[in-house]
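User: Please take a close look at the aromatic ring pairs in this model. Then place them against the way the chain is divided.

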Amino acid sequence: PKRVKDVITSACVECVVQDGRAFHLLKGSGFIRLAKELFNSGKLLSLSTNIQIEDLLPNPTTISRNIDRLYTYYKEKLIDLCRSMDSFCLTVDFWTEPYTGLSYCGLSLGHVDLQFQPQTFLIGCYPYQMENKRAPTIRSFIDTVLNEFGLKLNQEKFVMSDNEPTMKCTFNSNCKRVGCSDHYLNKQMQHAFTSTIIDGENVNCESAQDMFDDVKRILSSVRRMHKQQDLSKNLVIYSDTRFGGAFNMLVLFSDVFDEVAEILDSKLFTIYSRIDKDLLSDICEFLSPFITVLETLSDNKRPTLHRVVPFKQFLINKCDIGNDEKQGVKQLKLFLRMKFKK
């Protein structure tokens, strides 16, 4: 009934506001399961039962104590499943937290079941506390973690990692390493906008890099001074670990380009005046298919390996140079075309 739904809606609004929770909390599978259990409990209890909802909800300490039990339960189920796997693909990623300097290793497992349905499991995110980061040490660390789950790498098993030299050396034997095309595309885009020399060769994308740096400086200042509330759209800064976000940064800045001029001081306006609006628009248009490819290759529910080669040729074709294009776009196309053809 509408009356019941209105009461629930009101309670949900108060929940996210009073407790400071995200709006999409109510869409989470965990919250929906909790709501179902509370609903079923309500149906079992008679109207005459004198019980408060607080009596049904566990204490935070109780929740904390049960997390390890839940983890152990699901870990044992995953171990049982791993023992039955004839083949699998291991995804490995290493990174270092910049503020603490701590390194971490993330491991996930890809598997196709007997019904030919892809399954992905997160093995864990482990602090890396070994004595060094050389390939043999990393391989030993990963083999130890896999052994805990009854998994062992051999020539029938695949490992997907980034294309950094250390990862290539770590998985150059007793397994089949597959380079991550998504990571490679991200890195080449990052090099095009932020690097001067790669593999001993000049990048030669000065126009795009100068514009990119100017946009970043303006965005950082605008966000720091809390002036973006005067704009029709919120500006964003890209993440170094996911350079595809640079596209969102440039597109949003392009959308409010004329508005930005009205909130800048004289120093920032000098930087702003150096930015070629047409070049910015052309670069955003050029990058659009690259972002589409990144999003498609990042699909974790469907296989994408068979799409890598067609996408590679598709992006190479997008790097064809037109006579009437700006120099900044031509530089980007020359660099990315060279990298994709290697």
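Analyst: The count comes to 10 aromatic pairs. Rings of Phe, Tyr and Trp (its six-membered ring) pair if their centres lie within 6.5 Å; planes under 30 degrees apart are stacked, over 60 edge-to-face, and the rest tilted. This is a predicted model, where local features need pLDDT of at least 70, side-chain atom pairs count only at pLDDT 80 or more, and totals for chains, interfaces and linings use all residues. Residues are numbered from 1 along each chain as its sequence is written, and side-chain values use heavy atoms, with hydrogens and water left out.

Take Tyr-73 and Tyr-74. Their rings sit 5.1 Å apart, centre to centre. The planes make an angle of 70°, and the pair is edge-to-face. Tyr-73 has 43% relative accessibility and Tyr-74 has 44%. Both count as partly exposed, because that class lies between buried (under 20% relative accessible area) and exposed (over 50%), with a 1.4 Å probe and protein chains only.

Trp-95 and Tyr-104 form another pair. Their ring centres are 6.1 Å apart and the planes meet at 25°, so this pair is stacked. Trp-95 is partly exposed at 36%. Tyr-104 is partly exposed too, at 23%.

Ring pairs also build a cluster. Phe-253, Phe-257, Phe-269 and Tyr-272 are linked in this way.

Now the division of the chain. Domain 1 covers 1–57, domain 2 covers 66–179 and domain 3 covers 184–341; these bounds come from an automatic or database domain assignment. The contact between domain 2 and domain 3 takes 5 residues from each, with contact meaning heavy atoms within 4.5 Å. The centres of domain 2 and domain 3, taken over C-alpha atoms, are separated by 32 Å. Between domain 2 and domain 3 there are 0 salt bridges (a side-chain nitrogen of Lys or Arg within 4 Å of a carboxyl oxygen of Asp or Glu).
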